[in-house]
Amino acid sequence: MRPQKLLSQAALTTSLVTLLVGAAFAQEITLQADPEVRIRPLVEKFNAESPDIKVKLEDISYQTTVESLPIQLASGQGPDMAVVTDLGGLSKYYLDVGPYVDKAYFETQFGQSLAWLRGSQGGDAINGVPITLTVNGAFANATLFEQAGVELPEEGATWEDWAQASKAVADATGLDFAMEIDRSGHRFASLAISYGAELVDEQGNPVVDEGLRQAIETFAQWHRDGIMPMDLWGAIGGSTHRDNFADFINAKVPFYFSGSWKLSPIDKDIGGLFEWRAVATPCGPSSCTAMPGGNALVGWKHTRQPEAVAKFLEFAAQEENLEYYLSTAVYLPTASSLVEKGIDYQGAPASVNEAMALFTQQIPKMAPAAHQFQGWAYQRAMMNAMTTRISQVLNNELDVDTALKRIKEDVELAISAGK
Amino acid sequence: MTNGAMSSAVGALASLPARAVEPFWKWAQRRLGMKALPWLFLLPNLLIIFTFALIPVAINVVFSITGSDNLYPSQRPFIGLSNYRTLADCGNFLDPSTCSRDLFWRAVGNSLLFVPLQTLAMVGVALMTAIALNKKIRARGFFRGVFFFPVMLSPVVVAMTWQWLLQRNGVLNAIISLFGANRASWLADPNLAFFWSIFVTVWAHCGFFMIILLAGLQSIPTDVYEAAKMDRASPFRVFWKVTIPLLRPVLLVVFVLAVIRSVQTFDEIYVLTGGGPGSATMLVVQYIYETGFAQQPRNYGLAAAGSLILGFVLLIFTLVQLRISRGEND
């Protein structure tokens with residue numbers, strides 16, 4: 001064989017091997033997320049633009065994120081990244097990507113939300129990208145209200161106004177129940193804070209007060225009056241999260257309290273079957289507050305590829321990428337530049353865009369207690385205790401006073417266990 | 001090759017491995033002596049039991065006497081019997097509302113009611129089914145398969161299927177409303193939910209016990225029944241005087257297995273009712289799970305203490321079973 005031919009063949013082989021080895025050794029990092037977060041398009045965009053790092057997306061349920069992931073993390077296992085909702089509770093496991101990213105940009109874009117991610121750890125770590133803001137919120141079936149000849153309560157209407165109006169609709173249209181609220185401590189917190197509950201004080205201690213008592217009493221009364229079904233809060237025990245949104249989608253209830261994350265499923269499942277509206281958060285004697293919430297994209301301390309993780313987080317934090325994600329997934333932004341600019345939810349129908357605008361209007365109305373509760377490291381302990389004990393009240397296992405005492409004891413025990 | 005030659009060839013082939021290790025056993029016997037040699041045979045099993053049973057129990061003990069939500073024992077401070085004291089802090093054990101951890105004692109109370117009722121229902125249904133399927137009925141194989149089928153299903157699938165049937169807008173309510181009856185809150189009423197918890201778990205597992213009992217029934221010699229028939233014994237008398245006494249050893253095993261499984265019941269009820277309404281169907285295992293894994297922060301210590309108490313109760317059941325079965329053998 002001629003030396004030139006030999007040389008060219010060797011060069012060809014070397015480049016082929018390099019290519020194959022390069023492909024085989026492209027860094028792969030794993031991301032776990034609830035499919036409802038709808039982050040896949042963003043991952044695909046990153047993978048298309050980044051030849052060196054591949055993000056492998058693993059779908060896991062919300063329940064797994066809340067219950068199993070923290071145990072994996074405690075044992076030093078788990079994915080490289082995840083999308084989480086328990087922002088403050090997992091703070092000790094977050095990877096500080098500060099050394100790898102433009103910290104000033106993150107501070108400017110995500111300010112207050114970064115503090116939620118720091119939880120009880122404090123400091124100035126950049127623990128992730130708060131990708132979405134969610135807002136608790138109410139949905140009404142406008143068609144049922146119209147059929148019943150009942151006016152939709154205006155902005156500023158109280159919880160009681162909604163309860164009475166929905167009851168009138170249910171009675172007129174032959175529905176079994178008037179109102180439903182997700183079985184979730186987070187959803188109940190909106191009601192409680194609007195009735196004046198503080199839930200947590202400045203020192204981070206649980207608070208059970210008159211506001212919380214009134215909220216529980218009102219809530220229990222709605223169940224006794226048949227305004228709300230026992231299926232959700234009454235029939236389930238423990239701290240299990242449950243929703244019955246299918247009732248709203250099937251026009252079996254005129255009023256449902258859930259949140260902004262339901263917009264995409266509503267649009268998909270209801271379509272033009274009936275006219276639905278997102279409505280302003282009902283008011284209590286104290287405020288008309290929704291609860292903030294949201295998802296954060298975080299990296300975990302145990303990852304062996306912190307730089308790759310930081311690269312994906314930085315990519316996700318960029319305004320154009322975040323806007324691309326939020327507009328396709330139909331979520332509210334946390335990034336200040338996008339809050340100012342607003343997001344065009346391309347492809348979403350006018351009803352969804354109107355609903356998003358309405359949810360955005362609820363943000364400035366949120367009570368300070370709602371923000372404080374959301375940033376509390378032991379928020380989940382309080383939410384679990386409220387869910388468990390309220391169900392006991394509905395089933396006459398506890399009276400409201402005992403339930404309040406138990407909620408406080410449960411949270412205090414949880415705090416002592418966490419120390 | 002004749003049949004005899006073939007079978008001896010097969011036998012010689014089969015004994016090859018035994019002959020290959022024979023020098024090793026002889027050597028081991030010389031080195032260890034006759035008394036120690038059995039331990040060598042037991043070693044693999046002992047290692048498995050030690051690794052997968054005893055070490056976890058020891059870890060559980062460590063967790064129960066240490067605090068914090070850290071997972072590594074080295075990072076957990078020693079707190080003595082504090083977790084046991086928290087669980088046992090009760091004004092009156094018969095009234096859970098006087099207990100510091102009222103849900104634990106409500107769960108204990110529910111378990112004390114659930115276990116005997118569910119075990120009796122389980123063994124009763126399994127026995128009736130086994131007797132029916134031991135008769136020469138049409139499509140017997142098919143029915144045996146039908147009754148065993150739920151055993152192969154995941155508990156979560158079982159619970160979700162029944163939830164779909166029992167929910168407010170579920171199939172059962174749809175059927176009864178066809179006949180003009182009012183729809184019922186099958187899972188929202190504490191008593192009904194308790195009943196359905198027993199029903200669903202019996203439905204899901206009775207096939208397993210039915211198979212054991214069926215095997216027991218088939219091992220009873222038919223001439224005993226023929227003798228009873230010649231004596232003109234009534235079917236009821238045959239059942240009580242022939243079937244039950246001859247089936248007693250199998251029934252005992254089934255009964256103990258059913259009790260242990262009943263105490264450990266978790267998945268189906270957790271998915272079906274989450275322990276509700278209120279805490280009406282919360283059993284001890286669910287309390288342990290929620291305390292150790294669903295709460296935030298996770299209270300591994302309290303959950304470990306609860307699980308050791310549960311383990312202790314199961315140990316008592318097992319000892320009683322051993323005692324009874326020894327009595328039977330004697």
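**Note on disulfides, salt bridges and a pocket**

1. C90(B) has a relative accessible area of 16% and is therefore buried (under 20% counts as buried, over 50% as exposed and anything in between as partly exposed, with a 1.4 Å probe and protein chains only). The model is predicted, with pLDDT of at least 70 required for local features and 80 or more for side-chain atom pairs, while totals for chains, interfaces and linings use all residues. Residues are numbered from 1 along each chain as its sequence is written, chains are lettered from A and ligands numbered from 1 in the order in which they are written, and side-chain values use heavy atoms, with hydrogens and water left out.

2. The partner of C90(B) is C99(B), to which a disulfide joins it with an S to S distance of 1.5 Å; a disulfide here is a pair of cysteine sulfur atoms within 2.5 Å. C99(B) is also buried, at a relative accessible area of 2%. The link of C90(B) and C99(B) is right-handed, with 60° about the S-S bond.

3. Over all chains the structure holds two disulfides. In chain A, C283(A) and C288(A) are bonded with their sulfur atoms 2.0 Å apart. This link of C283(A) and C288(A) is right-handed, at 95° about the S-S bond. C283(A) is buried at 7% relative accessibility, whereas C288(A), at 23%, is partly exposed.

4. Helices (H or I, at least four residues) and strands (E, at least two) are DSSP runs, numbered from the N terminus. K92(A) is partly exposed at 26% relative accessibility, while D69(B) is buried at 12%.

5. D410(A) is buried at a relative accessible area of 14%, and R101(B) is buried at 9%. Both belong to a network of salt bridges that also links R389(A), K405(A), R406(A), E409(A), D102(B) and R106(B).

6. Within chain A, E412(A) and K408(A) form a salt bridge of 3.0 Å, N to O. The two are separated by about one helical turn because they stand four residues apart in helix α18 (residues 400-417). E412(A) is partly exposed at 37% relative accessibility, as is K408(A) at 31%.

7. The second largest pocket holds about 630 Å³ of space. A pocket is an open set of points on a 1 Å grid over the protein atoms alone where a 1.4 Å probe fits, with protein on both sides within 12 Å along at least five of seven lines; lining residues have an atom within 4 Å of a point. The lining comprises 17 residues, with N134(B), K135(B), Y225(B), V238(B) and T243(B) nearest the centre. Helices α3, α7 (190-218), α8 (222-230) and α9 (235-263) of chain B each supply at least two lining residues, the largest share, five residues, coming from α9(B).

Technical notes: A salt bridge is a side-chain nitrogen of Lys or Arg within 4 Å of a carboxyl oxygen of Asp or Glu. Grid points are joined across faces, edges and corners, and a volume is the space filled by probe spheres set on the points.
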